[in-house]
Amino acid sequence: PRPRPLSLPYPPSSNGLIEQLSTMSITYYAFSSGTVSGFSPKSVPFAIHSIPKRQFLNPNPFSRFGFSPSLQGTSIEFRVAISKERRSLPLVVRSDRPQNEDLPKQYTRREKKPFPVPIVDLRRAARERVKNNKDKPKRPLPPPKNGMVVKSLVPLAYKVYNARIRLINNLHRLMKVVRVNACGWCNEIHVGPYGHPFKSCKGPNASQRKGLHEWTNSVIEDVIVPLEAYHLYDRLGKRIRHDERFSIPRVPAVVELCIQGGVEIPEFPTKRRRKPIIRIGKSEFVDADETELPDPEPQPPPVPLLTELPVSEITPPSSEEETVSLAEETLQAWEEMRAGAKRLMRMYRVRVCGYCPEVHVGPTGHKAQNCGAFKHQQRNGQHGWQSAVLDDLIPPRYVWHVPDVNGPPMQRELRSFYGQAPAVVEICAQAGAVVPEHYRATMRLEVGIPSSVKEAEMVV
């Protein structure tokens with residue numbers, strides 16, 4: 001028969017409607033993404049598509065169905081499906097915050113990284129900029145394009161530099177009490193008392209080991225990826241040639257960003273201009289005459305620079321309270337470093353190769369032909385420079401999240417239920433720190449994990 005809407009008296013009384021709903025069987029399907037749905041309007045001949053919710057919903061509608069308290073405040077939409085053979089009331093739950101979230105896509109060696117802003121949008125913005133600036137006097141270049149330092153970001157640069165040093169020193173101490181395993185054949189690591197059982201090894205002779213890892217001890221470089229860049233004495237100077245690639249020192253990319261942001265390090269001097277440059281052409285300029293200016297007075301840094309602790313002075317925390325406090329401080333240093341570096345990257349441009357992880361801090365990339373990624377022969381070893389994002393400058397090393405360190409080991413069949421997080425966040429979480437809100441979706445802390453494979457087969 002042709003479907004037709006079910007007629008109900010309007011306005012329906014709350015008691016009568018509750019009695020009608022209580023006679024129907026309620027079916028709900030819980031998905032990990034925060035959306036519950038099980039309704040197919042094509043399968044039922046009668047349907048009610050809108051029901052006044054305020055007249056029959058109680059203040060806490062999730063208590064009856066066993067949902068977690070984190071879903072309180074979520075919008076609920078009831079749909080009644082009435083059929084001659086079966087009557088069901090699916091429950092649709094919509095949450096603004098996802099219950100789980102996948103990690104960023106990991107590109108293979110044969111894939112090029114996408115541009116942060118598509119080329120079409122960049123060209124359209126350039127045309128609009130030329131159209132708007134037509135027949136207008138040229139404006140002076142703002143810092144740092146004119147060679148000057150952005151003075152308002154100098155304290156932030158010192159803060160990012162000290163946050164990185166504090167993060168490294170604290171991780172050395174936390175790794176004395178939190179076990180971090182590293183595979184002896186590939187670059188994968190795992191935070192926990194023992195390694196995970198997943199067959200994901202892609203190192204040499206992985207087929208003979210059937211993809212299993214061989215876990216060994218790890219070092220600090222396994223947790224924080226050692227990404228280096230060329231140090232520039234003059235960030236507006238000529239590009240680094242191929243024959244100069246061994247004569248120019250390399251420093252950590254975050255340190256080079258802080259140096260260009262205003263941090264003074266005696267080991268790595270840099271040119272500081274006190275007058276804006278004089279632009280001659282698109283890529284030609286001359287320095288302004290600074291002989292009339294008085295000699296600059298030495299000023300102390302706004303924040304004293306920290307130094308890395310030697311290995312002999314690294315001691316593990318003495319108590320559980322000290323471990324939790326150290327984990328909170330480490331997680332705060334990680335967030336400060338990433339947030340501060342993201343703000344610095346808005347003013348000081350950072351370039352990354354679209355084929356390999358090479359990073360260059362400066363307006364244009366270097367000319368060193370040391371790219372060995374996919375099809376580097378066609379590019380003669382030159383890098384394909386493009387704008388970098390935060391994960392290119394500070395790449396997070398993702399590891400599996402262990403739900404319970406003292407509980408049963410992770411099961412290979414329940415891999416789809418486990419979440420992942422950066423190694424620094426996982427170390428701090430196992431040490432007792434509170435996980436920030438924006439990591440809970442990828443770690444899947446709101447998703448229940450079945451106790452056995454038989455229970456997992458019953459999950460919709």
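A word on the model. It is a predicted one, where local features need pLDDT of at least 70 and side-chain atom pairs count only at pLDDT 80 or more, while totals for chains, interfaces and linings use all residues. Residues are numbered from 1 along each chain as its sequence is written, and side-chain values use heavy atoms, leaving out hydrogens and water.

On confidence, pLDDT is the predictor's own score for each residue, from 0 to 100. The protein chain has a mean pLDDT of 82, and 79% of its residues reach 70 or more. Over residues 4–85, though, pLDDT stays under 50. Where pLDDT is low, the predicted coordinates should not be read in detail.

Back to our loop. Asp135 has a positive phi of about 60°, although it is not a glycine. Pro144 is in the loop between H2 and helix H3 (154–174) too, and the peptide bond from Pro143 to Pro144 is cis, with omega near 5°.

Now helix H2, residues 119–132: it holds both Arg124 and Asp121, three residues apart, about one turn of the helix. Their side chains meet in a salt bridge at 2.9 Å, N to O. The rule is a side-chain nitrogen of Lys or Arg within 4 Å of a carboxyl oxygen of Asp or Glu, and by it the count comes to 17 salt bridges.

Definitions and conventions. Contact = heavy atoms within 4.5 Å. Helix = DSSP H or I, 4+ residues; strand = E, 2+ residues; numbered from the N terminus.
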